[in-house]
Amino acid sequence: MARAGERAANVSFQVIMAGWALVCVLPLLWAAITAFKPNPEVFASPYKLPSRWNVDNFARAWGAASIGQFFVNTVIVVAGGLALTMLLSTMVAYVLARYEFPGNRFIYYLFAGGLMFPVFLALVPLFFVVRNLGLLHTHLGLILVYAAYAMPFSVFFLTAFFRTLPGAVAEAALIDGCSHPGVFFRVMLPMARPGIVSVALFNFLGLWNQYLLPLVLNQGDKSTAVLTEGLASLVAQQGYASDWSALFAGMIIAMLPVLVVYLVFQRRVREGFVAGALK
């Protein structure tokens, strides 16, 4: 009876997971198929395969709708923000996890409190700070804001991860004559790679899909607009033009990097969480 109940529970769990997978995958598959359809077939036969696979939709979205420019802007801003975030957050997290000093707990809880602070409340003062620095409508302004936005989560997670690493290795490196920066960059960072990869992936997903911050700091400037702004503008423009195929093609272009990055690094993410839980 116990085995039968366990088997039934496993089957039920698998059915639920399969249903959840269909809920997640089917809309993506439908959007991908629609991106290849001619415009008349988008509403005439929404659930059928296209009669002709039209690749021109992607060329139209990339060029005429400026998705290509938005894509390049997004890559620049996200890459810069992610690199700065991981560099600063790993150093801060390592110090908070390994060194005792007055104010250690205060700084840690300050970053933890940043996770609970609504970004909406910071938009107005953030706008004036960036404007006074002369960084509105610039890639550098968005990079700095993205780094500040992502650091609370990164420091909170990485501090807990660094605490799971064996301190004896760092002590042995110091005894052998390695400096504190050398211990951090040569010893502890390689050991913390699974956790760093996990945090970097979550930050990449969050920054790539960020809409509110660039909307406020760019104010419609297309020269520095990112993909989320471009897609929102494209929805309005293509809606009036009835060019729904180009709209779906733009959506697929925006989603592809996220899907590729997650598929490539999903095993590393699991390793990071398991390593942090077991050590």
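Close-up 1. Leaving aside neighbours within four places in sequence, T85 is in contact with Y146, A147, A150, M151, S154 and N203, and contact here means heavy atoms within 4.5 Å. T85 is buried, because its relative accessible area is 0%; buried means under 20% relative accessible area, exposed means over 50%, and partly exposed lies in between, with a 1.4 Å probe and protein chains only. Residues are numbered from 1 along each chain as its sequence is written, and side-chain values use heavy atoms, with hydrogens and water left out. Since the model is predicted, local features need pLDDT of at least 70 and side-chain atom pairs count only at pLDDT 80 or more, whereas totals for chains, interfaces and linings use all residues.

**Close-up 2. I76 and its contacts.** I76 also has its place in helix α4, which covers residues 67-98. With a relative accessible area of 38%, I76 counts as partly exposed. Not counting residues up to four places away in sequence, I76 touches H139 and I143. I76 and H139 are 63 residues apart in sequence, yet the distance between them in space is 7.4 Å from C-alpha to C-alpha.

**Close-up 3. Helix α10.** The 16 residues of α10 should span 22 Å at 1.5 Å a residue, and the end C-alpha atoms are 22 Å apart, which agrees; the expected span is 1.5 Å times one less than the number of residues.

**Close-up 4. The largest pocket.** The largest pocket has a volume of about 530 Å³, and of the 24 residues that line this pocket, the closest to its centre are V119, V145, A148, Y149 and A150. On a 1 Å grid over the protein atoms alone, a pocket is an open set of points with protein on both sides within 12 Å along at least five of seven lines, a cavity is a set of points where a 1.4 Å probe fits but cannot get out, and lining residues have an atom within 4 Å of a point. Helices α5 (104-116), α6 (119-132), α7 (139-164) and α10 (193-208) each supply at least two residues of the lining, and the largest share, eight residues, comes from α7. By class, the lining has 20 nonpolar, four polar and no charged residues, where Ala, Val, Leu, Ile, Met, Phe, Trp, Tyr, Cys and Pro count as nonpolar, Asp, Glu, Lys and Arg as charged, and the others, Gly among them, as polar.

**Close-up 5. The second largest pocket.** About 170 Å³ of space lies in the second largest pocket, and the residues that line this pocket are V25, L28, L29, A32, I252, M255, L256 and L259. Two or more of these lining residues come from each of α1 (2-34) and α13 (244-278). The lining of the second largest pocket has eight nonpolar, no polar and no charged residues.

Terms used: Points joined across faces, edges and corners; volume = space filled by probe spheres on them. Helix = DSSP H or I, 4+ residues; strand = E, 2+ residues; numbered from the N terminus.
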